[in-house]
Amino acid sequence: MPECDNPLWPCAMTGAAAALAGFEGMSVVIHGSSGCYYYPTTLLHAPLHGTFILENEVIFGSEDRLREVIEELDGTGNRIAVITTCVPAILGEDTPSLLAEHDVLLVDSPGFSGDAESGYARALKILEPAVDRSAEGVNIDGICLLDPFFSGNLQEIRRLLGLASVPVATVFCRDAFSKTRTAASCTIGTNGDFLSGVGKYIGGTLGFDRLKATFERLGDVVEGSDIDPVMRELSQQEEEVSRVCDKFLRRFDPPSVVVFAGASYAEFAARTLEHYLDADIRFLGLRNTGGLSRYPSSLVTGLGQVKTMIELHDPDIVLGSSFERSVSGSRAFYGITPPLRGAVRLAPAPVAGINGTLFFVEQVLNTCMDHLRPTI
Amino acid sequence: MHTSRSGGCTLTGALSITTHVRDAVSIIHGPKGCAHHNFSLFHATMLDNEQAALPDLVSSALLESDIIFGGEEALARTIRSVCDRDVSTVFVLSTCLAGTIGDDVDAVCGRDWPVPVIPVPTAGFLGGSFQDGVNNALIALTVFSEPSQPGPCVNIIGEKNLEYEVEENYAEIVRLLALLHIPVGIRFVRNISPDDVPALGAARLNILRDPSLVPAGEHLRQRFGTPYIPSFPDGLSATLAFIGSVAAACGIDPGKALRTEQEFQAEILADFADIGDSQGIFCGPVMDPASSRAAREAADALRIRMSGNKDACQLPIHPVVGSSGIRRMLHRWRRAIHA
C-alpha cells in the first residue's frame with residue numbers, strides 16, 4: 001500500500017536543511033516554492049533563504065532566479081548551499097554548472113527522494129567532512145535541528161566531556177562550517193539516527209549502559225582524559241534511578257509501553273524502561289529503518305497505523321510525538337519524538353547522557369503516577 | 001499568472017477549507033512530504049484552537065518512478081483505497097509536482113466512484129497563492145448546494161481556519177449580528193458536514209472574512225443571488241459601519257444596535273483612559289493597511305501620540321475584529337506601556 005494517510009515524518013529536503021542550517025557560516029537556500037520554504041523554516045527555527053520560484057520560472061527556467069538569489073548572498077563570507085525541492089529537481093536544468101560558477105554546494109534532495117534521514121545524510125556527505133589528525137578531543141554527532149532534544153543533548157554531552165577533561169572537536173551538525181574540515185579522529189553519538197560517519201565511532205550516549213561503555217573506550221583512546229568523575233556521577237545517579245523505580249514498583253505494576261520514535265530513541269526508551277521498571281515493551285513503531293531490535297517493531301509511517309497499533313497493544317503509556325498523543329485517548333503519554341506541539345518547551349531537556357536518562361525516567365514515572373494515583 | 005513570491009502554497013490554502021468538512025478525506029496527490037508538511041501545520045493549529053480532531057489527509061505518495069511514468073495510477077489507487085473507508089466525500093488536491101508532470105487529475109476524479117470525488121484546483125504554487133487555494137476550495141464545495149428561497153440567516157464565508165483567534169473573531173461577529181437580531185446560518189467552511197452545505201443558498205446575506213474572498217463572494221452572488229459584505233470589521237468606526245451595512249442589506253433599522261455599540265465602545269475607551277496621552281510606535285508581524293488604520297483610530301481616540309523615536313514604547317498591532325478585538329489590542333498596549 002504505497003499511499004499513506006497523515007504521513008508522520010518530514011521529507012528529504014527538510015532533512016538536508018536540518019543538517020546544513022546547523023552550521024554557522026553557511027547560507028542555506030531552498031530552491032523551490034514558498035510553500036516548500038516555510039515548512040523547514042518554521043520547524044527548524046533557523047535562518048534559511050529561498051528562491052520562491054513562480055510558475056513562469058517552471059516554464060521558462062529557474063536558473064536566472066537561482067542566480068539572482070545566490071548573487072544576493074555572495075559577499076557575506078558564508079559558504080552557500082542550495083537544496084533542490086521536487087519541481088526544480090525534475091526540470092532538467094543544468095544547475096550543477098550554474099552553481100560551479102559560484103562555488104556553491106548543491107544538495108539534490110527533493111522530497112520524493114526519501115525521508116529526513118536520507119536528506120540529512122546526503123547533505124552531510126556533500127560537505128565532505130574531513131578528519132584532521134592533529135585535532136584534539138572527540139566529535140559529537142547526532143545533533144540534528146529536527147530533534148527537539150538536540151540542544152539539551154549537546155549541552156549534556158559537552159558537560160560530561162568537560163568532566164572527563166576531553167575537548168570537544170566538531171559537533172555534527174551544530175558548529176562553525178569551517179570545523180567540518182578539522183574533525184577529530186574519534187566521534188561519540190547522541191542520536192544514532194543522524195550519524196555523521198566522520199572518524200572512528202566510539203559509541204553512543206543514550207542510556208547508562210551505553211554511556212558507561214562509551215566513556216570507558218574514550219578513556220582508552222583520548223590521551224589526558226580522566227573519566228573517573230563521569231563514572232562516579234553515573235554510578236550515583238544510576239543508584240538513584242534504581243531507588244525511585246523500585247519505590248514505584250512497590251506500589252504499582254510495571255507499565256505496558258508502546259513507543260513511536262526514530263529507531264535510536266525507541267531502543268533507548270525500551271531498554272531503559274525494561275531495565276529499571278520491568279516494563280512490558282509491547283511494540284516499537286519506528287519512524288525510520290534502524291537496525292534489528294529484540295522488541296516487536298516495524299516501520300510506521302502514517303497516523304492510521306499508529307491508531308491500529310495503539311488499539312492492538314493497548315498500552316498503559318504511549319511514547320511518541322504530539323501526533324501520537326492526539327490518538328492515545330486517556331492513556332498516559334510522554335513526548336520524545338518531533339513534533340511536540342501543543343505544549344510549551346523552553347528548557348533544553350536532554351535524552352542523551354546522565355541527565356538524559358534522569359529526565360526521561362523522571363518524566364515517565366511522573367506521567368504514569370499522575371494516571372495511576374487516585375485524585376486527592 | 002501568479003506573480004507574488006510570498007503568496008504561500010495553494011495546496012495549504014485549499015486544505016484549510018477541505019479539512020473542515022466532517023467525514024471527508026483530502027487526498028494530496030504528490031510526494032509524502034507535502035502531506036506531512038500540511039498535516040504538521042494543521043495539527044499544530046488545531047491544538048492551538050483546542051480542537052481534538054485531526055485532519056484526515058492521505059498522500060498518493062508519488063515516487064521517482066511515478067514522476068517518470070506518470071502519477072495518475074497512483075492517484076486512482078489512492079482514491080480507490082479511500083473510497084473503501086466510511087467517508088462522505090473525497091477531495092483531491094494536486095501538488096506542484098503533479099502539476100509539473102502533467103497528471104490529469106480531473107479525469108481520474110471523473111471516473112465512477114462510490115462517493116463524491118471532488119477535484120480542487122491547487123497544484124501548489126503552480127495553482128496560484130494560498131488565497132487562491134482558499135477561494136478555489138470554497139467554490140468547489142458549492143457543488144453540494146442549490147439555489148433556494150432566502151431565509152432569516154446570514155452566512156459567514158471563508159473564516160481563516162489557521163488563524164489563532166478564529167473562534168473569538170467569529171464570536172464577535174455573532175455578537176454584532178445579535179444586536180440586529182440576525183441569526184447565523186452556516187459557517188462556510190468551518191467544521192461543517194456536507195449535509196449543511198445545501199443551506200448555503202438560503203442566506204439573505206453573506207459576510208466574507210476579508211476582501212481577498214471576493215472571488216468566492218462573487219461566485220455565490222452569481223449562483224444564488226446572495227449579496228455580500230466584503231469583510232469583517234477591523235476597527236471602531238468600521239464596526240459601526242458594519243452594523244449599518246448589515247442592517248441595510250437585511251432591511252433593518254440599525255438605530256438601537258448602533259447606540260448600544262457606541263456605548264460599548266465608549267466603555268472600552270474609558271477602561272483604557274490610564275494609557276491615554278502616552279507615546280509609542282506601532283509594531284507587529286502583520287502591518288497591513290487595515291490593521292494600521294484600526295490601530296491609528298484607537299490611538300487617536302485615546303490621544304496616544306505616535307513617536308518618531310524608534311526607541312519609543314512599541315505598541316503591538318495585529319488584525320483585529322470588531323470592538324472586542326480593539327479591546328484585546330488595548331490590553332497588549334497597556335502591558336507594553338506599563339512594562
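Two strands count as paired if DSSP finds at least two bridges between them, where strands (E, at least two residues) and helices (H or I, at least four) are DSSP runs numbered from the N terminus. With that in hand, look at Asp5(A), which stands opposite Val58(B) in strand 2 of chain B. Here strand 1 of chain A and strand 2 of chain B (residues 57–59) run antiparallel, joined by 2 bridges.

A word on what you are viewing: this is a predicted model, in which local features need pLDDT of at least 70 and side-chain atom pairs count only at pLDDT 80 or more, while totals for chains, interfaces and linings use all residues. Residues are numbered from 1 along each chain as its sequence is written, and chains are lettered from A and ligands numbered from 1 in the order in which they are written.

Taking a contact as two C-beta atoms, placed from the backbone, within 7 Å, 34 residues of chain A touch 42 residues of chain B. On the chain A side, strand 1 (4–5), helix 2 (34–44), helix 3 (55–60), helix 5 (86–90) and helix 13 (322–326) each supply at least two residues.

Now for chain A as a whole, which holds 14 helices and 16 strands. Its radius of gyration, taken over C-alpha atoms, is 22 Å, close to the 21 Å from the globule rule (2.2 Å times the number of residues to the power 0.38) for 376 residues, so chain A is as compact as a globular protein of that length. The C-alpha trace of chain A spans about 70 × 50 × 35 Å along its principal axes.
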